[in-house]
Amino acid sequence: MNLIRPLMLGLSMLFATSLAAAHPIQIVKTEGSVTVSNPSDNQTRPVANRSILPQANILSTGPNGRAVVKVGTAGFIVLDKNSRVEINQANEHAGFFRQISGLVYYAVNTIKGQDRTQEVRTKTATMGIRGTRFLVADTPERREVGMRKGTLTIASPNADFEIHKRAEQDEFEAMKREGEQAIAREQAEFQAYQANTEREFIEYKKVFSLSADRMVSFDGNRVDDRPLSGETRQSLESLEGFGALWINQVQD
């Protein structure tokens, strides 16, 4: 009996190692300076294409650096310049991403059945993922989440969020246009109508959902929910272009 427990422990460790080898965290594309470190110390080393990363690591890009990372079977992440993210994909649980700073694009495969969701954690919120594509910005100028596809669950680590959501009338039925004066009149009527139909809803929630083509920005516990801005779309498109070959493989 005394030999069984060490044997079982050894087999369990061997199985976990085999899983990690079969589904590694791998750099698939880099540009500029990219380094990796262990969360438990400050020792860093440069990484390049095809580098295999530890199951728990902190990946960083320099001022001219970008990287695309395959995270086992979970999907891919794309780091913009001056970004840092902790990747933790331990075999005994679903794992998480802790975004420390910068801009990171997440493209995650659909999680089926009873499997636990992946998580993205920031100083402001925790996001549960079950198959989606989105951008998280955490810089001094921008603290936001921009959705490209799917739905994201966003939870506050502390008090309820104060959510400000603007609803806009998307369509306007104009009368038949007759000449330039009629067009100008209808444009003025449309602008007045749109101004009257724009309204802001405020609600207090600890958890809320964000859907495709919308974004939220954070200012303390205040959250502004609105359509994607031009700046956020540009950031999404830039990182999608850099990682297009791999992002297109994601099954979401």
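Arginine 222 is partly exposed, with 32% relative accessible area (buried means under 20%, exposed over 50%, partly exposed in between, using a 1.4 Å probe and protein chains only). This is a predicted model: local features need pLDDT of at least 70, side-chain atom pairs count only at pLDDT 80 or more, and totals for chains, interfaces and linings use all residues. Residues are numbered from 1 along each chain as its sequence is written, and side-chain values use heavy atoms, with hydrogens and water left out.

**Salt bridges**

- Side chains of opposite charge can pair when their charged atoms come close.
- The whole structure holds 11 salt bridges (a side-chain nitrogen of Lys or Arg within 4 Å of a carboxyl oxygen of Asp or Glu).
- Arginine 222 pairs with aspartate 224, and their closest N and O atoms are 2.9 Å apart.
- Arginine 214 and aspartate 225 also form a salt bridge, at 2.8 Å from N to O. Arginine 214 lies in strand S18 (residues 214-219) and aspartate 225 in strand S19 (residues 222-227), so this pair ties together parts 11 residues apart in sequence. Strands (E, at least two residues) are DSSP runs, numbered from the N terminus.
- Both partners are buried: arginine 214 has a relative accessible area of 17%, and aspartate 225 has 5%.
- Lysine 205 meets glutamate 203 in a salt bridge of 3.9 Å, N to O. Here lysine 205 is partly exposed at 35%, and glutamate 203 is partly exposed at 36%.
- Lys123, Asp138 and Arg143 are linked in a salt-bridge network.

**Nonpolar cores**

- The largest nonpolar core has 36 residues (a set of buried Ala, Val, Leu, Ile, Met, Phe, Trp, Tyr and Cys residues joined through side-chain atoms within 4.5 Å). Leu59, Val69, Ile77, Tyr106, Phe134 and Ile154 have the most contacts inside this core.
- Strand S9 (residues 96-108) gives this core its largest share, four residues.
- Apart from this core lies another, of 17 residues, including Val78, Ala107, Leu135 and Val250.
- Beyond its neighbours within four places in sequence, tyrosine 106 is in contact with residues including Phe76, Ile77, Val120 and Phe134 (contact means heavy atoms within 4.5 Å).

**Glycine 102**

- Glycine 102 is found in strand S9. Glycine 102 is buried, at 4% relative accessibility.
- Leaving aside neighbours within four places in sequence, glycine 102 touches Asn82, Ser83, Val136, Ala137, Asp138 and Thr139.
- Glycine 102 and valine 85 are 17 residues apart along the chain, and their C-alpha atoms are separated by 8.5 Å.
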